[in-house]
Amino acid sequence: KDREGKEMRTISPQGSKKLFIASLLLLYLLMLALNLLTPFGMDDYYYAFSCLTGERMTRLDQLIPSLIAHGKVMNGRYAAHFFVQLFAMLPNFIFDLCNAAVFVLLVLGLYRLAGGARRHDVRLLLLVCCPVFLLLPDFGSPVLWMSGALNYLWFGTLAVWMLIPFRNALIDQAAAPRIGKVILLSLGALLVGNTSENFSMAFAFLLGLCFLAERFVHKRWAFWMLPVLCCVVAGWVFLMAAPGERERVAGGVAGFGVYLERLVEVLQNWKRYLLAPTVVFAVLLGISPTQPETRDRRIFACLTALSAFLCNGAMTLANYYPLRIVFWPVILMIAACALLLPTLEGSKTAWALNGASLLLCFLLAVDMLQALPNDYNRYRLYEARTAEIVALREEGETDIHTFGVLSRSKYDMFGPIELGSDSDSWLNQATARYFGVEKIAADRFE
């Protein structure tokens with residue numbers, strides 16, 4: 001029945017619980033394999049040391065002083081770098097185990113956000129899971145690499161789960177959460193707000209639109225949303241107010257011509273990496289039934305897609321556009337598409353949804369058949385380089401020349417964050433300090 005008590009057509013029977021759990025387990029094992037083949041490196045080397053004293057991080061009482069110093073010299077992403085420096089003190093396999101679980105939580109969050117009528121719907125799970133792999137132009141940096149995943153994947157997952165109560169309010173007209181849940185949401189909002197210069201702003205925008213939609217569409221005030229929204233904004237302000245963040249922003253070149261060039265780059269990146277999910281969203285929106293029971297779902301999907309546009313557009317004001325930034329708008333666009341999928345459930349569209357899920361699985365399988373051997377090869381090269389550096393250090397060498405590891409696919413972490421030929425670069429200096437030598441540089445690449 002709908003919320004007015006009217007009988008609705010049964011959409012589909014309950015799915016197989018065992019198959020659903022098996023799919024999640026397979027996803028976890030796949031992510032664990034990718035994570036185990038992604039080594040500790042580059043920025044991870046830097047965060048293995050205190051930003052205040054330069055000493056190796058070995059104790060929990062070093063964390064807060066190091067983070068305060070980090071805010072003065074680097075940026076104000078305190079929440080993410082707390083976990084980066086925490087995991088830098090632990091064996092890398094602990095992060096690998098945790099990170100694979102967080103990715104599964106991201107997929108489950110997107111599945112719950114879609115909120116189909118069918119429980120244990122493996123087809124819907126595949127339709128929200130496979131695009132995360134296939135659409136991200138850089139999967140290794142924001143999802144597998146430790147410093148990247150703790151900035152992007154972990155807090156992106158938190159943001160997706162935080163959206164579920166807003167989705168329940170707007171689509172199902174659920175009652176306001178209890179005070180304890182609102183407090184937890186507000187604490188999570190502080191963390192998400194302190195995550196990213198562009199995504200945190202876009203996320204606050206989305207929550208604000210949800211509050212307005214409740215007021216003007218449902219004619220009710222959802223005051224419980226306000227503290228959550230305010231905490232996101234507070235976390236973002238805390239990020240932007242950090243001394244290191246202010247200096248970094250002030251150091252950027254300003255001017256109409258520069259901003260115009262950045263706008264062109266932002267639009268080009270949208271065309272390269274986000275056109276496909278945008279087209280899919282437009283098609284799903286166009287063919288989804290315009291019935292009263294789907295109105296709120298369509299509205300929430302449109303608000304989510306709009307926040308994805310804003311998230312990408314905000315990079316016009318940034319000093320540079322690293323490819324891993326695309327993680328945020330891609331996840332938001334997948335969420336927007338996922339919200340529309342349950343409106344298409346029915347016997348007439350089952351063949352199309354089944355075919356789409358099978359095609360996505362096939363494309364992902366092809367990707368993994370290439371990615372896993374490649375990641376294993378890159379990992380072996382990384383291990384050989386590490387052994388070479390240690391051996392040269394033991395022989396008394398302090399100015400080490402070794403080889404760089406080239407990126408071979410989007411599923412490895414190598415590329416712009418890899419050891420370079422300039423021994424004075426920030427990444428090379430961090431690597432040299434980690435291995436206890438004066439200088440290190442790559443004189444060849446493999």
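How many of the 18 residues of H11 are buried? In H11, 13 of the 18 residues are buried, so this helix is largely enclosed by the rest of the structure. Buried means under 20% relative accessible area (1.4 Å probe, protein chains only). The model is predicted: local features need pLDDT of at least 70 and side-chain atom pairs count only at pLDDT 80 or more, while totals for chains, interfaces and linings use all residues. Residues are numbered from 1 along each chain as its sequence is written, and side-chain values use heavy atoms, without hydrogens and water.

**Single helices**
- Helices are DSSP runs of H or I with at least four residues, numbered from the N terminus.
- Helix H11 covers residues 199-216 and reaches 25 Å from its first C-alpha to its last, close to the expected 26 Å.
- The expected span is 1.5 Å times one less than the number of residues.
- Helix H5 (residues 92-114) is followed by Gly115, whose phi is positive, near 60 degrees.

**Nonpolar core**
- The largest nonpolar core has 137 residues, and Met31, Phe103, Phe133 and Phe139 have the most contacts inside it.
- Helix H16 (residues 327-340) gives the most to this core, with 13 residues.
- Such a core is a set of buried Ala, Val, Leu, Ile, Met, Phe, Trp, Tyr and Cys residues joined through side-chain atoms within 4.5 Å.

**Helix pair H3 and H4**
- Residues of H3 including Leu63 and His70 meet residues of H4 including Tyr78 and Phe82, where contact means heavy atoms within 4.5 Å.

How values were computed:
Helices (H or I, at least four residues) and strands (E, at least two) are DSSP runs, numbered from the N terminus. Buried means under 20% relative accessible area, exposed over 50%, partly exposed in between (1.4 Å probe, protein chains only).
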